[in-house]
Amino acid sequence: MEKQARHRPHREYPDAKRLVLDPDIENCPICGQALKARRNWHSRKTIQTLNGPLFVAGKTKECVNRTCRNHRKRYYAGGVWLYSLPGSTYGLDVLAWIGWQHEHEHRQLVEIQRQLNQRGISVNERNVGKLYRQFLALLSASSENVQEDLKKTVQEYGGLIWAVDALQPEGASGLLYVLYEVQSGKPVSALQQEHCNQSDLESWLRPYQTLQLPVLATLSDGESTLVAAFKACWPDVPHQRCQAHFLNNLAEDVLDYDDELRKNMRQDLGGLPKVPTQQRPATDPPFWAGPTPPETPSSSK
């Protein structure tokens with residue numbers, strides 16, 4: 001059998017849902033002035049999730065206040081890292097599902113690969129093992145490296161903005177909580193547990209409270225236990241509900257209808273021929289010139 005070259009296969013997903021995210025903050029945390037959007041995206045890729053392929057892109061904003069020390073400082077849509085890790089084309093829900101199946105259901109990697117293939121996710125056994133190691137690394141994180149990165153963020157932005165998001169893969173009874181720093185967009189830690197209460201979340205967040213680094217704000221969805229854990233760990237820091245979650249909840253039904261409408265339009269109109277272009281002869285007068293007057297006979301002397 002001919003040995004195939006080891007490279008990442010090129011995959012196309014024309015029907016992938018699109019998700020373009022704005023930065024999590026709208027105003028500069030230093031001067032309070034509204035951030036200005038930049039044209040280019042700082043990240044864009046198509047990932048495989050348990051619910052199908054998803055195109056995710058993140059916008060960038062910057063502070064335009066010339067008197068602010070963060071003038072021209074760029075702020076990124078850190079929410080893109082809640083869908084997949086940097087450099088990965090598989091969703092975090094896939095990693096969480098692999099971890100749950102291997103740790104709690106005691107399934108072998110080859111069994112997990114077959115189940116993922118049956119769900120329409122292209123992956124081989126070797127990559128399942130790689131994704132499982134990424135899952136373990138996300139759960140544990142390297143405290144020394146994390147602290148150094150957080151200190152750099154404080155030096156660059158003046159403080160940290162903590163955010164937590166939770167996802168529950170289909171077939172797993174436990175939630176995967178992901179802690180990340182908003183301004184740098186760096187995933188810091190994760191917690192997967194079957195039944196997670198406020199005390200469990202506080203115990204998970206306490207090591208980052210004891211770092212004695214300035215925290216500007218906290219961010220989460222509307223889960224009451226998560227909000228309470230944030231307020232218990234950082235009681236003097238303002239907390240905000242994530243606008244992306246709020247708007248996504250409102251637009252979820254509309255987006256599904258829009259995807260269905262686009263598919264139907266593609267099927268109904270995709271086979272139509274292109275509109276023919278008719279070029280006017282060079283001798284024809286322009287349409288605004290009106291009708292050509294009749295020629296008058298020349299008089300003979």
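**Strands and a helix pair**

Student: Hi! Which residue stands opposite K61 in β6?
Tutor: Y75 is the one facing K61 there. Bear in mind that this is a predicted model.

Student: OK, over to β4. Why is β4 largely enclosed by the rest of the structure?
Tutor: Because five of its seven residues, in the stretch 52-58, are buried.

Student: What pairs with it, say β3?
Tutor: Strand β3 (residues 43-49) pairs with β4 in the antiparallel sense over seven bridges, with T49 opposite G52. The two form a hairpin with two residues between them. Strand β1 (residues 17-21) is joined to β4 too, by five bridges, but that pair runs parallel. There, V20 stands opposite A57.

Student: Nice. Changing topic: at what angle do α5 and α6 pack?
Tutor: At about 40 degrees, with the axes 9 Å apart; α5 covers residues 198-209 and α6 covers 224-233. That angle is why α5 counts as oblique to α6. The crossing is right-handed.

Student: Which residues meet there?
Tutor: From α5, they include L201, L205 and R206, and from α6, L226, F230 and C233 are among them. By class, the contact has eight nonpolar, three polar and two charged residues.

Conventions:
Residues are numbered from 1 along each chain as its sequence is written. This is a predicted model: local features need pLDDT of at least 70, side-chain atom pairs count only at pLDDT 80 or more; totals for chains, interfaces and linings use all residues. Side-chain values use heavy atoms; hydrogens and water are left out. Two strands pair if DSSP finds at least two bridges between them. Helices (H or I, at least four residues) and strands (E, at least two) are DSSP runs, numbered from the N terminus. Axes are lines fitted to C-alpha atoms, for helices over the stretch in contact, and angles run from 0 to 180 degrees between N-to-C directions. Angles under 35 degrees count as roughly parallel, over 145 as roughly antiparallel, 65 to 115 as roughly perpendicular and the rest as oblique. A crossing is left-handed if the near helix is turned anticlockwise from the far one by less than a right angle, and right-handed if clockwise. Contact means heavy atoms within 4.5 Å. Ala, Val, Leu, Ile, Met, Phe, Trp, Tyr, Cys and Pro count as nonpolar, Asp, Glu, Lys and Arg as charged, and the others, Gly among them, as polar. Buried means under 20% relative accessible area, exposed over 50%, partly exposed in between (1.4 Å probe, protein chains only).
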